[in-house]
Each structure stands twice: as C-alpha cells, then as structure tokens.
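This briefing goes through one protein chain by topic. Look at the sequence and the structure first, then read the points below.

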Amino acid sequence: MSRIGKLPITVPAGVTVDVAPGAVTVKGPKGERKLTIRPEISVSLEGTKLTVDKKSDGRFAHAMRGTTRALLANMVTGVTQGYTKKLEVSGVGYEVDLKGSTLVLKLGFNLPVKYQVPPTVKVECPTLTTIVVSGIDNQQVGQVASAIRKLRKPEPYKGKGIKYDNEVIKRKAGKAFGSGG
C-alpha cells in the first residue's frame, strides 16, 4: 500500500498557498490554481511544508488523502515549472499550423481538420510537423494533447499520424507477396 499521502509537500519560494475551509489556492509565477477539498481530508500549512491529513479512519479517507496530496503536489509543480507535452506529425503532406486559437491540421483527409484550442492551455507549432502543448494544469495539458492525437492516430504499417515524441509505434510487416500456387 502506498504511503504517498503522509509525505509533506515543500512549497518553493515565490509560491503562496492559501488554505481555507474546503479549498486550497496555490499562486505562483505561472498562474493560480484552486482545489476543493473533500470533507474527509484536512490540509495544513506550517512554514514551507504543506501536509494532508485524514479526519477519519477508513479506506475512502485513506485513498482521498493520497489523491489530494498528489493533486496539491501537481498544482505546486504546475505554477512553478508548468507541464508540456510534445506531439509529432508524420506522413507525406501532413502538416500543422496555428491560426489564432485554432489549430489547422492537414492529415490526409480531403479538408484540413480544425481544432479549437481551449484558453487554459497554450499550443505552439515550432515546425510544420511539431505541436507543443503547455500549461499549468497537468490534466488539461494531457487531455488537449490526447484530443489532438485522436484526430489521426498513428497507424502500424507506415507510422503515419500524430504521436507523442517519446511514443514508440509497433510496426507491422506489410502484405507479403509469396509465390502464388
């Protein structure tokens, strides 16, 4: 059983944490995030250490303690460093372009695919085949990157499509032409 919930979170310099009943607000150089706290959990700030405790014993309270601690640690990381996902587009004629807050993708369909970028994340296209999604919320960055990837998943024969930069596509051999009987 994991003991993540017992570990304190170190609040770095330049980050302010406001612990109110039922909510925690974290402000940093990159932005501000807020988390509502379940009634089974209590959060306290002592100096630069943020600790999460459970008010009652039980499985659910134990699980929520670990979850709350992980969410708070992700919030502190998000407002200090931020999160980034990098996507690569591969295929002949496949390219991406950012026009305002709309991502225009040419993915081998008869018309370009347009994806409206939510205002909570930042999307950049440094090259015609690279997409960089960044923001302070780990969940939203991952969700936007996943939605962009779903527009054209990489296929296993030629590897065409949109993939994460560290993703390995298992390639299949094509149709083998043997000597026909």
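The model is a predicted one. The chain contains two helices and 13 strands. Its radius of gyration is 22 Å, well over the 16 Å that the globule rule gives for 181 residues, so the chain is more spread out than a compact globule.

**Overall dimensions and surface**

- The C-alpha trace spans about 75 × 45 × 25 Å along its principal axes.
- Buried residues make up 35% of the 181 in the chain.
- Among contacts with a separation of 6 or more, 50% join residues 24 or more positions apart.

**The largest nonpolar core**

- In soluble globular proteins, nonpolar side chains tend to be buried together.
- The largest nonpolar core here has 20 residues, and those with the most contacts inside it are Leu103, Leu105, Ile131, Val133 and Ile148.
- Two or more residues each come from strand 7 (83-90), strand 9 (102-106), strand 10 (113-116), strand 12 (130-135) and helix 2 (138-150).
- Helix 2 gives the largest share of this core, four residues.
- Beyond its neighbours within four places in sequence, Val133 is in contact with residues including Tyr83, Leu87, Val123, Val141, Val144 and Ile148.

**The second core**

- A separate core of 18 residues includes Val26, Ile37, Ile41 and Met64.

Note on methods. Residues numbered from 1 in each chain as written. Predicted model: local features only at pLDDT ≥ 70, side-chain atom pairs only at ≥ 80, totals over all residues. Heavy atoms only, no water. Rg over C-alpha atoms; globule rule 2.2 N^0.38 Å. Buried < 20%, exposed > 50% of the residue type's maximum accessible area, 1.4 Å probe, protein only. Contact = heavy atoms within 4.5 Å. Core = buried A, V, L, I, M, F, W, Y, C linked by side-chain atoms within 4.5 Å.
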